[in-house]
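Here are my notes on the two-chain model you asked me to look over. They are set out as numbered points, to be read with the structure open.

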Amino acid sequence: MSVRGKVAIIGAAETDSLGIIPDRSALQLHAEAARNAFSDCGISKSDVDGVAAAGQSPIAVADYLGITPRYIDGTAIGGCSFMVHVRHASAAIAAGLCDVVLITHGESGRSRVGAAPRAPDGASLQGQFEVPYGIWGPPTLFPIGVLRYMKKFGLTHEQLASVAVAQRKWASRNPRAYKRALITLEDVLASPMIAYPMHLLECCLVTDGGGALILTSAERAAAMDLPRPPVYVLGTGESAESTMISMMEDFTSSRAFRMSAARAFAEAGIAHSEVDHLMIYDAFAHLPIYGLEDLGFVGRGEAGAFISEGNTEPGGKLPLNTNGGGLSYTHTGMYGMFAIQESVRQLRGDAAAQVPGVNVSVAHGVGGMFMSAGTLVLGTADVART
Amino acid sequence: MSVDKPVPKPTPETQPYWDGALAAELRIQRCTPCREFYFYPRLFCPRCMSADVQWVSVSGRARLHSYVINHRAAPGFEADAPYVIAIVELEEGPRMMANLVGVEPRPEMLTLDMDLEVAFAQRGDLRLPVFRPASGSVS
C-alpha cells in the first residue's frame with residue numbers, strides 16, 4: 001500500500017515569533033503553533049482526532065489544547081520526528097484510524113523555559129562510551145566524521161564554509177530569519193573555532209520557537225473550503241542507525257539518510273530531476289553535503305563543489321534550505337518541523353524567498369547525530385493527481 | 001562551580017569491559033561462530049545473534065579514523081581544552097570513541113590513519129581507555 005496522494009497537509013504555521021522567546025514555556029510554544037495552524041486552515045480544534053508531538057508528550061499537548069485524541073504518536077527520535085509523524089499520520093489516515101491529525105513542535109532551546117534537562121545517564125550506552133570523553137553537545141559529535149570525509153573526497157574548508165554563505169543568501173531575503181546579514185567565506189573561516197574543523201558560522205543557531213501541521217485525507221481536504229491550497233504527501237521514508245555516532249557504519253555517509261530517502265522517492269515515483277525545491281536539515285554545514293549525496297542528488301564526493309559553485313543558492317538549479325536553514329533561519333533543537341514548514345510555503349507559493357513554480361519539494365530530516373532520518377516528498381495538487 | 005569529569009556506570013553487560021580497563025587491558029567481545037569482533041558490549045553477537053561470544057584482550061593497536069578538536073570544554077574538562085575527541089579503529093576491526101593523549105591537539109599533529117596505542121586514564125574508581133601515538137611511530 002502506498003499513501004501517495006491520499007493525504008494532504010491542510011494547515012501549517014509557526015509560532016508568532018522565532019528566536020528569543022523568554023516569556024513562553026516549551027509546551028506553550030507547541031500550543032501557540034497549534035492555534036496558529038487551526039487559523040491557517042480555518043478548522044476548529046474539535047475537528048482534530050489525532051495528535052503527534054516530540055519534545056513534549058503528545059498527551060500533554062492534547063490536554064493543554066483540550067483535545068481528546070483517538071490517535072496518538074509520541075515518536076521522539078530527534079529533529080526528524082516531525083517527518084516521521086507525517087509519515088505515521090499519513091498511514092493512519094489512509095487506514096482510517098483517524099481523520100485529522102495535529103503535529104506540533106515547540107522548544108525553548110535558547111531560553112530553556114519549561115524545557116527538559118539534558119543529562120544522559122552514566123549507565124546508558126552514551127553515558128559509558130561517549131560522555132566520558134568530554135563530548136559537549138552536538139558540535140563535539142555531529143562533525144566527528146568530517147575530517148574523514150575531507151580525506152576521502154578532498155572536500156576543502158572553503159567548500160564547507162560555502163554552505164553557510166549560500167544559506168545566508170536565502171536568509172537575507174527572509175524577514176523572519178534570525179541571521180540575515182550576508183557573510184563571506186572569510187567571515188566563516190574567521191569565526192571562532194568551536195570544534196575543529198567546525199567554525200561558529202558552520203554551526204546551527206540556538207533559538208526558541210515552534211511549528212504545527214494539520215493533516216487529513218485528500219478526499220476530506222477536497223470537500224473543505226480551505227483558504228490555502230493543500231499540499232499532498234507523495235512519498236515518505238524513515239530509518240535509523242545508532243544512538244551513538246561513534247558506531248556509524250561509514251563516517252562519510254549516513255545509512256539512515258540513504259534508506260529513508262530511497263523509500264520516499266520510490267513511493268513518490270519521482271526522479272531527482274523533478275524535485276523543484278529541497279530542504280535538508282542543516283544542524284551543521286556538512287549536513288547538506290552528506291544529504292545531497294545520500295539522497296542521490298549528486299554523486300559521492302561531489303556535493304562540496306556543487307554547493308560552492310552556487311547551484312543551491314538563489315537562482316541556482318536546486319534551491320536548498322530556502323528559509324536560511326538551521327544555520328541562519330532558526331534552530332530550536334529539533335529543527336525538522338521548520339524544514340517541513342518551508343516546503344509547505346514553497347508549494348503554496350507564499351514563501352518569503354519564493355522559488356518560481358515549485359510543484360515537488362523534498363524535506364529531509366535528521367535526528368540525533370546521524371541517529372535517525374525522515375524524508376517527505378511533498379507536491380501540489382497537479383503532481384498528486386498524476 | 002567546578003565539577004568532576006563524568007564517570008561511566010557499568011551495567012552487568014559492560015562490566016567485563018570496565019574490569020579489563022582497570023587491569024590495563026582493552027577487552028572486547030568476539031563471536032565464536034562468525035569470528036567477528038564487535039564493540040560496544042552485548043551479550044550476543046549483533047551480526048548472527050549467537051550467544052556464544054567471548055571476551056578477548058585485544059592488542060590495543062588502532063588507527064586514527066576521524067576526530068574533532070573541541071574548543072568549548074565540557075564540564076570538568078576546562079583544564080584540557082582544546083582536546084581531541086576521536087574515532088579510533090582497532091586493529092581487530094571495531095571502532096570506538098576515545099580521547100587522544102600524548103599529542104598536541106593541533107591538526108598538523110593529527111594525521112588520519114596514524115598509528116595509535118591504548119592507554120588508560122583514571123576516572124573516579126574506574127580507568128578509561130584512551131589512545132596515544134604508537135611508540136616508535138613518527139609523529
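How many residues of chain B are in contact with chain A, and how many of chain A with chain B?

1. The contact between the chains. In this predicted model, 31 residues of chain B are in contact with 26 residues of chain A. On the chain B side, the elements that give two or more residues are β4 (61-70), β5 (83-90) and β6 (95-99), and β4(B) gives the most, with six residues. By kind, the residues on that side of chain B divide into 19 nonpolar, seven polar and five charged.

2. Strand β5 of chain A, residues 193-196, is joined to β4(B) by two bridges, and the two strands run antiparallel. Tyr196(A) has Ile69(B) as its bridge partner in β4(B). The peptide bond that leads from Tyr196(A) to Pro197(A) is cis, with omega near 10 degrees, and Pro197(A) itself lies in the loop between β5 and β6 (198-199) of chain A.

3. A cis bond in chain B. The peptide bond from Ala81(B) to Pro82(B) is also cis, with omega near -5 degrees, and Pro82(B) is placed in the loop between β4 and β5 of chain B. Most peptide bonds are trans, and for that reason I would ask the reader to look at both places.

4. The nonpolar core. The largest nonpolar core has 169 residues, of which Val101(A) and Tyr67(B) touch the most other members. Leaving aside neighbours within four places in sequence, Tyr67(B) is in contact with Ile144(A) and Leu147(A) of chain A, and with Val84(B), Ile85(B), Ala86(B), Ile87(B) and Leu110(B) of chain B.

5. The sheet of chain A. Nine strands of chain A form an open sheet with mixed pairing, in the order β3-β2-β4-β7-β1-β8-β11-β10-β9. Because β3 (71-73) and β9 (277-280) stand at the edges with a single partner strand each, one side of each is left without a neighbour in the sheet. From one strand to the next the twist averages 20 degrees. Strand β8 of chain A, residues 231-240, pairs with β11(A) in the antiparallel sense over eight bridges, and Glu238(A) stands opposite Gly374(A) in β11(A).

6. Helices on the sheet. Helix α10 of chain A (residues 286-294) packs on the sheet, where it touches β9 and β10 of chain A, and its direction makes about 125 degrees with that of β9(A). Helix α13 of chain A (residues 336-348) also packs on the sheet, touching β1 (7-14), β4 (100-108), β7 (208-217), β8, β9, β10 and β11 of chain A, with a direction that makes about 175 degrees with that of β10(A).

7. Strand β10 of chain A. Is this strand mostly covered or mostly open? Eight of the eight residues of β10(A) are buried: Val360(A), Val362(A), His364(A) and Val366(A) on one side, and Ser361(A), Ala363(A), Gly365(A) and Gly367(A) on the other. With β9(A) the strand β10(A) pairs in the parallel sense over four bridges, Met279(A) standing opposite Ala363(A); with β11(A) the pairing is antiparallel over eight bridges, and Val360(A) stands opposite Gly379(A). The strands β10(A) and β11(A) form a hairpin with four residues between them, and Gly368(A) in the turn has a positive phi of about 55 degrees.

8. Most residues other than glycine have a negative phi, and two exceptions deserve a look. Phe370(A) has a positive phi of about 55 degrees and is placed in the loop between β10 (360-367) and β11 (372-379) of chain A; with 29 C-beta neighbours inside 10 Å, Phe370(A) counts as buried. Asn321(A), with phi near 55 degrees, lies in the loop between α11 (303-308) and α12 (325-328) of chain A, and is buried, with 27 other C-beta atoms within 10 Å.

9. Helix α3 of chain A. Twelve of the 14 residues of α3(A) are buried, including Phe82(A), Arg87(A) and Ile93(A). Gly96(A), which follows α3(A), has a positive phi near 85 degrees.

Notes:
Residues numbered from 1 in each chain as written. Chains lettered and ligands numbered in written order. Predicted model: local features only at pLDDT ≥ 70, side-chain atom pairs only at ≥ 80, totals over all residues. Contact = placed C-beta atoms within 7 Å. Nonpolar A, V, L, I, M, F, W, Y, C, P; charged D, E, K, R; others polar. Pairing = 2+ DSSP bridges. Buried ≥ 20, exposed ≤ 12 C-beta atoms within 10 Å, placed from the backbone. Core = buried A, V, L, I, M, F, W, Y, C linked by C-beta atoms within 7 Å. Axes fitted to C-alpha atoms, helices over the stretch in contact; angles between N-to-C directions.
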